[in-house]
Amino acid sequence: MTGKQLSQQHQASFDGIRQIDPDGNEYWLARDLAPLLEYPQWRNFLPVLTKAREACHRSGQHVDDHFAEVRKMVDIGSGAQREVEDVRLSRYACYLIVQNADPSKPVIANGQTYFAMQTRRQELADEAKFAQLSEDEKRLAIRNELSVHNKQLAAAAKDAGVETALDYAIFQDHGYKGLYGGLGAKDIHARKGLKKSQKILDHMGSTKLAANLFRATQTEDKLRRDQVRGKTQANRTHHEVGRKVRQTIKELGGAMPENLPAPDRSIRQLESDRKKQIGKKGD
């Protein structure tokens, strides 16, 4: 069999074990994937799973979102069954598994290509869907994603030594000052005419939210990658990333974030409107 034929056979096999849940989400089961990757013994596949989980954690992802523990019944002969542990895998989890499996096996190389291509196809599909959203829909989508990444940033900051609520407020202020040309949270509140109780991120357009999302994701990644330790160094890192994002916006000819107008309606108002619309549809 030629290399091309082998690759096509492997791709068909990966497609063959792909499953779709009632909500339309695709997934793979580890006990189905293991033999395809030439790990006939489950115990030999477990170290690969462990390495993939560790890689997922290091990337700042929630491991349980990609590696979900499940149980299922399997046949053991004569019509009898027994319950075994399994793992429900996302496409990203499968990609991490093939990245951490035995590279000498042709199926592993083909698996890396397959799951990388599947991931990119989904990214392109998501980008196309995002481009069709209205400005308010884009704001809601980015704000929700930013909420998730801010939690991950907070966890990375805590690992670096940013422990108390005051520590984290100072840490966040450094990021804002880097991105907003020296303006901290209080300065931004005053400039935008916001009340103390109002959240800055709820009064941003999609462009400004995207800049802050990039700041958050890149800071988290740098804190973990550089193994930053100590509040001072963590604050310096956040400020540096914010400044780099600002520099990139400037080089691309974009408007500085402090000069972008605040939208007429806040994220909270948009969410309230959406809930009302959903309620009307349910009546």
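**Figure 1. The side chains of Asp 273 and Arg 265 meet in a salt bridge, 2.3 Å from N to O.** A salt bridge here is a side-chain nitrogen of Lys or Arg within 4 Å of a carboxyl oxygen of Asp or Glu. The model is predicted: local features need pLDDT of at least 70, side-chain atom pairs count only at pLDDT 80 or more, and totals for chains, interfaces and linings use all residues. Residues are numbered from 1 along each chain as its sequence is written, and side-chain values use heavy atoms, with hydrogens and water left out. Asp 273 is partly exposed, with a relative accessible area of 25%. Arg 265 is partly exposed as well, at 36%. Buried means under 20% relative accessible area, exposed over 50%, and partly exposed in between (1.4 Å probe, protein chains only). Asp 273 and Arg 265 belong to a network of salt bridges that also links Asp 136 and Arg 139.

**Figure 2. A salt bridge joins Glu 26 and Arg 91.** The closest N and O atoms are 2.5 Å apart. The pair links distant parts of the chain, 65 residues apart. Glu 26 sits in strand E2 (residues 26-29), and Arg 91 in helix H5 (residues 91-99). Helices (H or I, at least four residues) and strands (E, at least two) are DSSP runs, numbered from the N terminus. Glu 26 is buried, at 18% relative accessible area. Arg 91 is buried too, at 14%. The structure holds 18 salt bridges.

**Figure 3. Lys 231 and Asp 167 form a salt bridge between two helices.** The N to O distance is 3.5 Å. Lys 231 belongs to helix H11 (residues 231-251) and Asp 167 to helix H8. They stand 64 residues apart in the chain. Lys 231 is partly exposed, with a relative accessibility of 41%. Asp 167 is buried, at 14%.

**Figure 4. Helix H3 covers residues 42-58.** At 1.5 Å a residue, its 17 residues should span 24 Å. The expected span is 1.5 Å times one less than the number of residues. The end C-alpha atoms are 24 Å apart, which agrees. Which residues of H3 are buried? They are Trp 42, Phe 45, Val 48, Leu 49, Ala 52, Ala 55 and Cys 56. Seen down the axis of H3, these buried residues fall within an arc of 125 degrees, so they line one face of the helix. The arc is that of the directions from the helix axis to the C-beta atoms. On the other side of H3, Arg 43 and Arg 58 are exposed. Just after the helix, Gly 60 takes a positive phi of about 90 degrees.

**Figure 5. The second largest pocket holds about 580 Å³ of space.** Of its 18 lining residues, the closest to the centre are Gln 172, Tyr 176, Ala 185, His 189 and Ile 200. The search uses a 1 Å grid over the protein atoms alone. A pocket is an open set of points with protein on both sides within 12 Å along at least five of seven lines; a cavity is a set of points where a 1.4 Å probe fits but cannot get out. Lining residues have an atom within 4 Å of a point. Grid points are joined across faces, edges and corners, and a volume is the space filled by probe spheres set on the points. Helices H7 (135-160), H8 (165-179) and H9 (185-192) each supply at least two lining residues. H8 gives the most, with six. By class, the lining has seven nonpolar, six polar and five charged residues. Ala, Val, Leu, Ile, Met, Phe, Trp, Tyr, Cys and Pro count as nonpolar; Asp, Glu, Lys and Arg as charged; the others, Gly among them, as polar.

**Figure 6. The largest cavity contains about 40 Å³ of space.** The count comes to one cavity of 30 Å³ or more. What lines the largest cavity? The lining is made of Tyr 180, Ile 188, Lys 192, Leu 194, Ile 200, His 203, Met 204 and Lys 208. By class, five are nonpolar, one is polar and two are charged.

**Figure 7. Lys 199 lies in the loop between H9 and helix H10 (206-225).** Lys 199 is partly exposed, with a relative accessible area of 49%. Lys 199 and Ile 142 are 57 residues apart in sequence. In space they are 15 Å apart, C-alpha to C-alpha.
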